[in-house]
Amino acid sequence: QVQLVESGGGLVQAGDSLRLSCAASGRTFSPYAMAWFRQTPGKEREFIAAITWKGGTPYYGDSMEGRFTISRDNAKNTMYLRMIILRPEDTGVYYCAKSGGIVAGSGSADYDSWGRGTQVTVSS
């Protein structure tokens, strides 16, 4: 019913910046919270950041705040993740997720809709 599509990933060099986008389509109902996660091979899914419907009080996972900035534009049904000073260890698949309510949790179980992910590769 709700489809999420990430975009903006690619191959970049260490120190570069990227802005990821997540577009929601289909039968979307407001208000709802959203979040970004990432997955690296052989590791569990890692929480990056979450944002509420109003977007005024986002919060970040451990060691995420500083180089990552989450935002959203409800008029466009789009969420963003600004990434700066990228490092090789940032390489992975980045996913956006939508919750069924206004609470922005940090666990995967808090979200019921997921995109297919966008690949971010950071070379040395």
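Thr78 counts as buried, with a relative accessibility of 12%. The value comes from a predicted model. Thr78 lies in strand S8. Its side chain reaches the backbone oxygen of Lys76 at 2.9 Å. Residues up to four places away in sequence aside, Thr78 touches Ser21, Cys22, Ala23, Arg72 and Asp73.

Strand S8 spans residues 78-83. Strand S3 covers residues 18-26. Six bridges join S3 to S8, and the two strands run antiparallel. Within this pairing, Ser21 stands opposite Tyr80 in S8. Ser21 is also one of the residues that Thr78 touches.

S3 and S8 belong to an open sheet of four strands. The order is S1-S3-S8-S7, and the pairing is antiparallel. Strand S1 (2-7) and strand S7 (68-73) form the edges. Each of these edge strands pairs on one side only. From one strand to the next, the twist averages 15°. Among the contacts of Thr78 are Arg72 and Asp73, and strand S7 takes in residues 68-73.

Lys98 is part of strand S9, which runs over residues 92-98. Is Lys98 buried or exposed? Its relative accessibility is 8%, so Lys98 counts as buried; the cut-off for buried is under 20%. In sequence, Lys98 and Trp114 are 16 residues apart. In space, their C-alpha atoms are 6.6 Å apart.

Conventions
Residues numbered from 1 in each chain as written. Predicted model: local features only at pLDDT ≥ 70, side-chain atom pairs only at ≥ 80, totals over all residues. Heavy atoms only, no water. Pairing = 2+ DSSP bridges. Axes fitted to C-alpha atoms, helices over the stretch in contact; angles between N-to-C directions. Buried < 20%, exposed > 50% of the residue type's maximum accessible area, 1.4 Å probe, protein only. Polar contact = N/O pair within 3.5 Å; in protein donor to acceptor, adjacent residues only side chain to side chain. Contact = heavy atoms within 4.5 Å.
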